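Biologist: Could you walk me through this model, please? I would like to hear how each answer is reached.

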Amino acid sequence: MLYVGIFLTFILGLAFVHCLSADFSPVEKIGLAFPLGIGLLVVLMLLADQVGIPLRPMPLLLGEALLLTTLLLFLYGRRRNRPKEISLPSLKNTNLVWLLFIIAVVCLEYMNFSKCLYFPPSDRDSLAGFETIGYIVAQEHTLKGLSIFNVAYMPGIHSAASYITYAPLVQLSYAYVYALGAETSKIIPALMYLFFLIAFYAATSRAAGKTGAAIATFFVLLTPEMLAFSSLSMTNVIHAIFASLGVIYMALWFREREKKDLILCGALLGINTLCRTEGIVFTAAVLLLLFIDAFRRKGYKGFLQSALLALVPLLGWTLYTKINGLEAESIAITHPFLDTEKAATILTHLWQLYTNTTLYGWSFAVFLLAFLVNLWFLIQRKDSLSVLLAIALSSVFYLFIIYQIDYKWDSIENVLLYSVKRFLFCFIPMVWYFSVSNHASALLFRKLEQFLRIDQAR
Amino acid sequence: MKKKKHTPSQPTGQPPVNYLSRIAKNLLFAFLLGFLLFKAMENNAGYPWAYNMLTSNMKLIRANPHLTLKEKNEMKLGTDFAYLWFLKEATPENAVILYPSTEDFYPPDKPSPFKQEVQNKIWALRFLYPRLLVLPSEMETSPYAPEITHVAIVNGRGYERLDYPVEHKQEHGILPVKP
């Protein structure tokens with residue numbers, strides 16, 4: 001039943017991507033199918049739980065099948081809008097550099113995937129949170145009425161930073177596989193990362209060509225700390241998948257002005273806030289840029305559709321927590337204040353993280369280099385301005401959030417050392433996307449591909 | 001006038017494609033790039049660490065392909081898991097366990113064999129669910145306190161929570177509330 005459930009989720013995501021647009025490439029569709037399928041599944045589970053339908057295998061599978069049928073009927077209704085040209089993946093225009101990196105990615109991901117599936121969840125944060133919540137949801141068939149959310153049983157449940165407030169995507173996706181009979185929840189992080197790599201490659205290749213995309217995918221995969229966490233059961237890498245793809249599709253929208261990218265960007269950012277609520281910094285940054293763009297072009301329809309998709313999941317989740325009392329003592333400082341020591345601590349730790357090449361490899365160094373090399377095109381043509389602004393704005397918003405937090409459950413140093421370190425995973429795919437897709441790099445990769453082309457004359 | 005078709009592989013006016021030289025050029029370039037990248041990555045502490053992590057895990061997986069979930073949990077979580085597994089095996093699913101405190105797991109006067117987060121109630125529940133856990137600090141307020149069926153013993157601590165004397169005291173164990 002587990003494999004049926006996983007396959008159904010994949011097909012559901014595939015149908016959803018196809019509904020957004022039939023014009024995405026087959027590799028993009030495959031890469032996006034599983035993450036989006038999980039996003040839809042979690043929304044379905046929240047709705048079912050709210051109306052009192054138990055989260056048992058049969059109602060879940062039937063609900064997915066029903067949603068899939070609806071999407072298929074929608075697709076049938078617009079069957080005349082076929083894709084302009086079905087572009088199947090081809091080995092034309094390939095070169096051995098591309099092949100070398102693709103083989104390296106496949107080998108490394110094979111090892112990473114095997115490691116992820118082999119070892120059961122063992123990290124502290126999962127077992128003291130998402131993993132256990134998911135496991136118990138599968139036994140008690142509810143999230144809102146969970147025994148471990150009962151204050152009589154868990155007296156500290158409404159304390160600051162309690163697990164009761166964790167955004168639902170990771171624990172509900174774990175609950176789904178446990179309900180279908182999985183021994184451990186590791187199939188979720190394993191498949192999420194695998195499909196993310198495919199989606200990242202496909203999206204990046206649209207802007208940087210396949211060689212640049214293969215190199216970027218290789219470095220994203222081999223980013224040391226992110227690679228280590230990708231095979232754990234924690235939320236950070238799964239969150240990075242949605243946040244970074246959301247920003248990348250925004251950049252593709254600014255680049256190619258195809259509405260499908262705008263809508264997909266909204267959907268991905270919507271699911272990003274269902275992984276971790278601080279994902280709102282990406283939603284806010286992207287929506288601000290999209291709004292400015294819509295205002296300048298005097299065309300708001302696409303922006304409003306994207307904003308709706310980006311905000312409704314978070315609003316829905318907030319409503320769900322309010323209705324069901326899944327709340328904890330606030331950790332936010334809601335008034336403005338000046339604490340130079342706190343600001344200095346945050347900035348010092350962040351600088352140490354950004355310059356730490358052991359944790360993030362060359363990601364930020366290459367980003368800086370690419371920024372400098374492309375500076376001329378940035379000034380002259382505003383090249384890649386949207387992705388740079390999205391990275392800068394979301395970083396500033398995040399800085400503001402960590403400054404406005406009252407660290408009463410843990411020290412600020414610990415939060416900066418562990419939570420913030422992992423939050424930076426969101427930026428890794430974005431900086432690699434920029435590094436290979438900016439005008440100067442894209443030009444270089446185009447020349448390289450022409451130089452190395454095997455099957456056609458130059 | 002009929003237009004002459006141009007095939008991309010053989011454009012007019014150009015010599016036929018020399019695949020052999022192109023493949024040789026690709027091989028040379030790929031080899032050079034791979035070599036330079038490999039050498040450069042060796043100088044970054046993170047990349048070799050990441051690669052070694054993957055390969056050493058693969059070796060472990062290949063050496064132990066048929067381990068059970070319990071054995072894998074023991075490998076990753078050590079004594080903490082072994083202790084919880086023991087409690088699970090020794091109690092029925094409807095047991096209400098008086099669970100040791102953090103100080104019982106990590107006594108100040110002697111070294112503790114526990115290395116993970118076994119003292120954390122929700123962490124422990126991942127392996128003990130559906131059994132209910134009550135901590136010593138919750139005894140006065142928990143509605144489940146009167147329903148306790150077992151007392152968990154760790155590092156020789158917890159016997160004082162029983163209403164009867166125990167002759168052969170073990171370091172770790174679980175005992176029923178009523179003998």
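Biologist: Which residue of chain A forms a salt bridge with E117(B)?

Modeller: A salt bridge here is a side-chain nitrogen of Lys or Arg within 4 Å of a carboxyl oxygen of Asp or Glu. For E117(B) the closest N and O atoms of such a pair are 3.1 Å apart. The count between chain B and chain A is two salt bridges. The partner of E117(B) is R124(A).

Biologist: Before we go on, what should I know about the conventions?

Modeller: This is a predicted model, where local features need pLDDT of at least 70 and side-chain atom pairs pLDDT 80 or more, while totals for chains, interfaces and linings use all residues. Residues are numbered from 1 along each chain as its sequence is written, chains are lettered from A and ligands numbered from 1 in the order written, and side-chain values use heavy atoms, without hydrogens and water.

Biologist: Thanks! How much area do chain B and chain A bury between them?

Modeller: Contact means heavy atoms within 4.5 Å, and this one takes 58 residues from chain B and 57 residues from chain A. Buried area is the accessible area (1.4 Å probe) that two parts lose on being put together, summed over both. Carbon and sulfur atoms carry 71% of it, and the total is about 5,200 Å².

Biologist: And which residues of chain B lose the most area to chain A?

Modeller: Three residues together make up 15% of what the chain B side buries. They are I122(B), R126(B) and Y129(B).

Biologist: Is S126(A) buried or exposed?

Modeller: The cut-offs are under 20% relative accessible area for buried and over 50% for exposed, with partly exposed in between (1.4 Å probe, protein chains only). Leaving out residues up to four places away in sequence, S126(A) touches E131(A), T132(A), S233(A) and M234(A). With a relative accessible area of 0%, S126(A) is buried.
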